[in-house]
Amino acid sequence: MDQRQLTGVVLLVLALQILPISDTIAKYMSLTLPVIQVIWARFFFHCLATGAYISVRHGPGSLLPVLSWRHAARSAALFLAVALFYVAIHFMPLTTALTLWFVAPFLLTILAMVFFKERVSQVQWAAIAAGFLGIVLAIRPSATSWEWTYLVGLLAGVGYAVFLLLTRIVENRIPPLVSVYQTGLVGCIASSAIVAAVWKQPVWLEWFLLAAIGIVAAVAHLLIIKAFERADASTLAPFTYAEVVGAALLGFIVFGDAPDLLACAGLAIIILSAVAVVAYDRPTAPAAAASDA
């Protein structure tokens, strides 16, 4: 793994320690506000914060939507994934929802192999499988407690895998922060169109927390975009498990969910699977394959 790809890994891990902060606030706010309103806040303040910044730095013209099916599809995929994930965490613990969310690395690796012609080594497949087993060991979802919300969580993971794939093929002709703004547009417009039907007036502290959901998420997704500019999707895939570390810590601090010994063992497996990918130096996929995709 060269320096550029290693930088991509570091950026992704950093982003995935920031993103659970937004998710934790969203779950907390959904206890007192409608879930749709929380989803609206995620995308409205995402666009408000990034839009204000890029309009100053790059001019008001940067606020206009990019007329590209790739940008629109990526934005729609993120909206679908986040909306379904927020519904899931409203009904189940955050770490349980993340267990279902982590179908994304499997799907992403397969899609990257198909569309980008990336070479996925046996070591990487083993690391991905070990990471997923570590998640299952840490969370231990019960088959006897299967509910419709489990399907919602799985579909959220599918949407996120599509978002990550489209992040790789979207045009890089605009600055990264403008791309982050564009990514939230579909969610902002769609949720704004329906939130009035369930609106509940927040108090000032709730307004602050609602704004934090979108702003924190925007920072995390900027780092994700920068990570995928530097590293292959198949290289980054095992490190998407890093999000569960921050989620587990926040779950303990905010909701009192303390991990037991088996959970700690699962987290250790997750970390070791990521280290295995870093230690294994494989040839990178031809750049032309990614460019053609």
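At what angle do helix H1 and H12 pack, and how many Å apart are their axes? Before we go there, some ground rules. This is a predicted model, where local features need pLDDT of at least 70 and side-chain atom pairs count only at pLDDT 80 or more, while totals for chains, interfaces and linings use all residues. Residues are numbered from 1 along each chain as its sequence is written, and side-chain values use heavy atoms, with hydrogens and water left out.

**Stop one: the whole protein.** Colour by secondary structure and you get 14 helices and 0 strands (DSSP runs numbered from the N terminus: H or I of at least four residues for helices, E of at least two for strands). Of the 293 residues, 53% count as buried, meaning under 20% relative accessible area with a 1.4 Å probe, protein chains only; over 50% is exposed and in between is partly exposed. Among contacts (heavy atoms within 4.5 Å) between residues at least 6 apart in sequence, 90% join residues at least 24 apart.

**Stop two: H1 against H12.** Select residues 3-29 for H1 and show H12 with it. Here is the answer: they pack at about 40°, with axes 8 Å apart. Those axes are lines fitted to C-alpha atoms, for helices over the stretch in contact, and the angles run from 0 to 180 degrees between N-to-C directions. The crossing is right-handed, that is, the near helix is turned clockwise from the far one by less than a right angle. The contact residues divide into 10 nonpolar, 3 polar and 3 charged (Ala, Val, Leu, Ile, Met, Phe, Trp, Tyr, Cys and Pro count as nonpolar; Asp, Glu, Lys and Arg as charged; the others, Gly among them, as polar).

Select residues 243-255. At 1.5 Å a residue (times one less than the number of residues), these 13 residues should span 18 Å, and the end C-alpha atoms agree at 17 Å apart. Its buried residues include Glu-243, Ala-248 and Gly-251. Step past the end to Gly-256, whose phi is positive, near 75°.

**Last stop: Ala-161.** Find Ala-161 in H7, residues 148-169. Is Ala-161 buried or exposed? Ala-161 is buried, with a relative accessible area of 1%. Leaving aside neighbours within four places in sequence, Ala-161 is in contact with Ala-104, Leu-107 and Leu-108. Draw a distance from Ala-161 to Leu-108: the C-alpha atoms are separated by 5.2 Å, though 53 residues apart along the chain.
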